[in-house]
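Thanks for making the time this morning.

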Amino acid sequence: MNKQDNTTDAYLMCDGRHLKKSKTIIKKGDLNPEFDETFAFDIQSQKLGSVYFRVSLLNAGKTKEGNRLLGRVYIGPNLDADLHARWMEMIQLPRKQVTAWHKIQG
């Protein structure tokens, strides 16, 4: 396998639409990158039940169109039990940092 330049995009989503976006640094030449990133989005409390968070891992191409999706993870209120628990922790601790590692699903 060739060395890859990897990056992640983090989106706050609602009904499949991007509300806000954050981008990470590019990890050059790393076949097994770990991103230790912090994402902060301000959202009104009454909207917390309808939004979710998506993180996508991309192989960075020379152009935006050349980026290749390697995998993603979703965190929100209507997902599996572990991801739902993480979402509830963030809601119950507003303005506090909630730390968790998530494996990207391909």
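Let me begin with the rings: the structure holds three aromatic pairs, where a pair means rings of Phe, Tyr and Trp (its six-membered ring) whose centres lie within 6.5 Å, with planes under 30 degrees apart counted as stacked, over 60 as edge-to-face and the rest as tilted. One aromatic cluster is formed by F39, F41 and F53.

Before going further, a word on the source: this is a predicted model, in which local features need pLDDT of at least 70 and side-chain atom pairs count only at pLDDT 80 or more, while totals for chains, interfaces and linings use all residues. Residues are numbered from 1 along each chain as its sequence is written, and side-chain values use heavy atoms, with hydrogens and water left out.

Of the 106 residues, 28% are buried, and here buried means under 20% relative accessible area, exposed over 50%, and partly exposed in between, with a 1.4 Å probe and protein chains only.

What does strand 1 pair with? Strand 3, residues 51-59, pairs with it in the antiparallel sense over nine bridges, and N6 has N59 as its bridge partner there; two strands pair if DSSP finds at least two bridges between them. Strand 2, residues 17-23, is also antiparallel to strand 1 and is joined to it by six bridges, with C14 standing opposite R17.

Between strands 1 and 2 the hairpin has two residues, and D15 takes a positive phi near 50°, in a residue other than glycine. D15 is exposed, with a relative accessible area of 65%.

Is D9, by comparison, buried or exposed? D9 is buried, with a relative accessible area of 6%, and it touches K21, S22, K23, R54, V55, S56 and L58, leaving aside residues up to four places away in sequence; contact means heavy atoms within 4.5 Å. S22, which sits in strand 2, is partly exposed at a relative accessible area of 22%.

Finally, the largest pocket holds about 1500 Å³ of space. Of its 41 lining residues, E37, F39, F53, M90 and V98 are the closest to its centre, and the elements giving two or more residues to the lining are strand 1, strand 3, strand 4 (68-75) and helix 1 (81-92).

For the method, the protein atoms alone are placed on a 1 Å grid, and a pocket is an open set of points with protein on both sides within 12 Å along at least five of seven lines, lining residues having an atom within 4 Å of a point. Grid points are joined across faces, edges and corners, and the volume is the space filled by probe spheres set on the points.

Key:
Helix = DSSP H or I, 4+ residues; strand = E, 2+ residues; numbered from the N terminus. 1 Å grid on protein atoms, 1.4 Å probe; cavity = no way out; pocket = protein on both sides within 12 Å on 5 of 7 lines; lining within 4 Å.
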